[in-house]
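Have a look at the picture before reading on.

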Amino acid sequence: MVKARASTLITATPQQVFEFIAVNFEQNYPRWSPEVKALEMLTPSPLRLGTQARQVRVDQGRQSNSIFGVTAFEPPTRVSFAEGNDQFRTDYQVDPLGGQTRLTFAFELRRMELYMRPFEKLIRVAIQDGAERVVRNIKSLIERETARQSSGQV
């Protein structure tokens with residue numbers, strides 16, 4: 001199993017962060033994770049426990065297709081996803097901290113295919129880099145949109 005965790009402080013309320021990640025998941029997920037080339041919601045909106053989606057991703061030049069579902073939905077603090085065969089899990093934890101919000105993202109690659117094992121060290125580094133990129137992208141998108149809304153631009 002390979003695990004990665006990254007966190008950041010975002011200048012926004014926990015409700016704004018949770019809404020960006022979970023409530024507007026279909027619209028925003030491909031924005032913060034540009035590796036997502038296609039996303040299809042298999043369950044009608046709104047996002048909730050049990051919601052399922054299908055994604056096509058290209059990571060490190062390798063295309064993958066997967067179906068994943070919501071395994072935890074606790075507004076405004078947490079949303080978690082797991083791939084249908086438990087290949088991977090992701091978790092987004094949202095916590096107030098002063099006038100900001102701490103976002104913690106965790107990723108677990110639950111099973112590594114045999115052909116991937118010789119590259120485990122490289123995979124660990126790539127997954128950690130990916131986790132850090134996710135929180136940076138979410139922070140940047142939320143703060144940019146919050147600033148735009150505050151200045152009256154929409």
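Accessible areas come from the Shrake-Rupley method, which uses a 1.4 Å probe. For the protein chain, that surface comes to about 8,700 Å², and 51% of it belongs to carbon and sulfur atoms. Keep in mind that you're looking at a predicted model.

Here are some overall values for the chain:

| Property of the protein chain | Value |
|---|---|
| Box filled by the C-alpha atoms, along the principal axes | roughly 50 × 35 × 25 Å |
| Share of the 154 residues that are buried | 41% |
| Share of contacts between residues at least 6 apart in sequence that join residues at least 24 apart | 47% |

How does the chain's radius of gyration fit with a compact globule? A compact globule of 154 residues would have a value near 15 Å, and this chain has 16 Å, so the two agree.

Now for the parts list. The chain has 3 helices and 7 strands, and from the N terminus on they run β-α-α-β-β-β-β-β-β-α.

Zoom in on helix α1, residues 14-23: Pro-14, Val-17, Phe-18, Phe-20, Ile-21 and Ala-22 are buried there. Seen down the axis of α1, these buried residues fall within an arc of 165°, so they line one face of the helix.

One of them, Ile-21, leads us to the largest nonpolar core, which has 37 residues. Ile-21 is listed among those with the most contacts inside this core, together with Phe-25, Trp-32, Val-79, Tyr-92 and Ile-138. Helix α3 (residues 120-150) gives the core its largest share, 8 residues.

Which residues does Ile-21 touch, leaving aside its neighbours within four places in sequence? Ile-21 is in contact with Trp-32, Val-79, Tyr-92, Leu-103 and Ile-138.

Key. Residues are numbered from 1 along each chain as its sequence is written. This is a predicted model: local features need pLDDT of at least 70, side-chain atom pairs count only at pLDDT 80 or more; totals for chains, interfaces and linings use all residues. Side-chain values use heavy atoms; hydrogens and water are left out. Buried means under 20% relative accessible area, exposed over 50%, partly exposed in between (1.4 Å probe, protein chains only). Helices (H or I, at least four residues) and strands (E, at least two) are DSSP runs, numbered from the N terminus. The arc is that of the directions from the helix axis to the C-beta atoms. A nonpolar core is a set of buried Ala, Val, Leu, Ile, Met, Phe, Trp, Tyr and Cys residues joined through side-chain atoms within 4.5 Å. Contact means heavy atoms within 4.5 Å. The radius of gyration is taken over C-alpha atoms; the globule rule is 2.2 Å times the number of residues to the power 0.38.
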